[in-house]
Amino acid sequence: MDIHEYQAKEVLSNFGVEIPAGALAYSPEQAAYRAREMGGDKWIVKAQVHAGGRGKAGGVKLCDDDHEIQAACEDMFGKKLVTHQTGPEGKGIYRVYVEAAVPIDREIYLGFVLDRTSQRIMIVASAEGGMEIEEISESKPESIVRSTVEPAVGLRDFQAREIAFQLGIEPGLTQAMVRTLQGCYRAFRDLDATMVEINPLVVTGDNRILALDAKMTFDDNALFRHPQISELRDKSQEDPREARAADRGLSYVGLDGNIGCIVNGAGLAMATMDTIKLAGGEPANFLDIGGGATPERVAKAFRLVMSDKNVQAVLVNIFAGINRCDWVAEGVVQALREVQVDVPVIVRLAGTNVEEGQKILAKSGLPIIRATTLMEAAERSVSAWKSDISPNLKAV
């Protein structure tokens with residue numbers, strides 16, 4: 001789960017990371033009022049969307065007075081911000097963050113990520129802040145500092161000081177940098193984050209280290225332990241299909257293809273998508289309905305898949321280990337009778353009681369195209385899509 005910049009800054013501030021003065025606004029008038037409350041002579045207006053590259057896309061503007069603040073907000077509110085991370089569909093702007101401008105001496109990139117190879121928290125930093133880490137690694141790979149945190153002892157002060165020295169932090173600011181690194185690490189560890197990024201982390205003209213921007217991503221599976229973080233979720237920034245799936249306990253990722261997938265097990269779902277591509281098709285989604293493929297759960301999955309208007313065929317691929325194929329078949333039949341499905345449906349069952357499951361599908365009288373292997377199911381799905389098979393076919 002991602003959160004907004006202003007939310008990430010508030011979270012990090014609670015762990016000792018220093019941030020500039022700022023306030024949230026939901027209208028141009030409120031933004032101008034927030035700036036007057038803060039005082040100063042320059043302010044930054046930032047669109048709050050879950051995406052990077054906002055500055056290049058016009059989502060970050062420097063303003064000198066109330067009129068410029070209101071004009072900047074008028075240009076943002078209710079519009080879609082399109083960046084290299086949002087794709088052409090963009091993300092809607094419904095709130096802005098007004099922040100007091102600060103004198104910047106230098107910019108630093110700082111990130112905390114979960115390195116799955118070493119199973120450790122990895123600190124990635126660079127003296128070349130202000131750019132995306134992908135740009136830094138391509139243009140100046142030698143500037144990147146990497147340091148792995150040993151979980152048994154955590155981030156030690158000497159390790160944080162070493163990172164500060166490698167970044168060229170002046171001795172008088174070393175302790176401030178150590179506090180920033182320790183604060184980010186504790187936030188990452190204590191809140192089950194999967195990513196903390198500050199870009200840029202700036203050294204100001206008055207010798208402070210401030211987080212000028214911040215991003216945080218959290219492990220969805222650990223949110224039950226952190227209700228205060230769950231409340232920060234903004235569904236308006238998410239794919240509506242994925243939001244609906246999460247609310248119904250399904251693992252769903254929307255893709256750009258036209259063959260919908262309903263599969264139990266993440267590994268089988270990935271294999272199914274690969275096989276569809278091998279057969280010449282394009283999967284429309286990743287959907288793992290989990291181990292409990294009950295009729296109700298299968299019906300939810302069908303509704304979700306059919307909410308995507310690009311879907312022109314549905315492939316159901318179930319391996320019954322804990323479940324039984326006859327139970328799954330009953331679920332598919334019930335789902336097809338409850339849910340309006342006007343595209344070809346291909347079902348492949350394998351595992352416990354597969355013969356009984358195939359008989360249930362055959363006796364249902366529904367236009368279900370059956371397959372015995374994954375490759376056959378994928379080929380039939382692609383063939384059904386390309387041939388534009390009528391849903392009024394007799395069962396195959």
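## Briefing on a predicted protein chain

The accessible surface of the protein chain comes to about 18400 Å², and carbon and sulfur atoms account for 50% of that surface. The model is predicted. The chain contains 13 helices and 18 strands, and 51% of its 396 residues are buried. The points below begin with the whole chain and then turn to selected strands, helices and single residues.

**The chain as a whole**

- Taken along the principal axes, the C-alpha atoms fill a box of roughly 80 × 50 × 40 Å.
- Among contacts between residues at least 6 apart in sequence, 68% join residues at least 24 apart.

**An open sheet of four strands**

- An open sheet is formed by 4 strands in the order β1-β6-β2-β3, with antiparallel pairing.
- The edges of this sheet are taken by β1 (22-25) and β3 (60-63); each has a single partner strand, so one side of each is left without a neighbour in the sheet.
- On average, neighbouring strands of this sheet are turned by 20 degrees against each other, direction ignored.
- Strand β1 is joined to β6 (residues 96-100) by 4 bridges, and the two strands run antiparallel.
- Within this pairing, L24 has Y97 in β6 as its bridge partner.
- In a regular strand, side chains alternate between the two faces of the sheet.

**Two helices lying across these strands**

- Helix α2, which spans residues 28-38, lies across β1, β2 (43-47) and β6. The direction of α2 is at about 160 degrees to β1.
- Helix α3, which spans residues 66-76, lies across β2, β3 and β6. The direction of α3 is at about 165 degrees to β3.

**Strand β16 and its parallel partners**

- Is strand β16 (residues 313-320) largely enclosed or largely open? Of its 8 residues, 7 are buried, so β16 is largely enclosed by the rest of the structure.
- Strand β14 (residues 259-263) pairs with β16 in the parallel sense, over 5 bridges. In this pairing, G260 stands opposite V314 of β16.
- Strand β17 (residues 345-351) also runs parallel to β16, and 7 bridges join the two. Here N317 stands opposite R348 of β17.

**Backbone details at single residues**

- Most residues other than glycine have a negative phi, and most peptide bonds are trans.
- The peptide bond between N199 and P200 is cis, with omega at about 10 degrees. P200 is found in strand β10 (residues 193-204).
- Q119 is a residue other than glycine with a positive phi, near 55 degrees. Q119 is in the loop between β7 (104-115) and β8 (120-126).
- Why does Q119 count as exposed? Its relative accessibility is 63%, and a residue counts as exposed when this value is over 50%.
- N207, likewise not a glycine, has a positive phi near 60 degrees. N207 is placed in the loop between β10 and β11 (209-211).

Conventions
Residues numbered from 1 in each chain as written. Predicted model: local features only at pLDDT ≥ 70, side-chain atom pairs only at ≥ 80, totals over all residues. Heavy atoms only, no water. Pairing = 2+ DSSP bridges. Axes fitted to C-alpha atoms, helices over the stretch in contact; angles between N-to-C directions. Contact = heavy atoms within 4.5 Å. Buried < 20%, exposed > 50% of the residue type's maximum accessible area, 1.4 Å probe, protein only. Areas by Shrake-Rupley, 256 points an atom, 1.4 Å probe, with all protein chains shown as cover.
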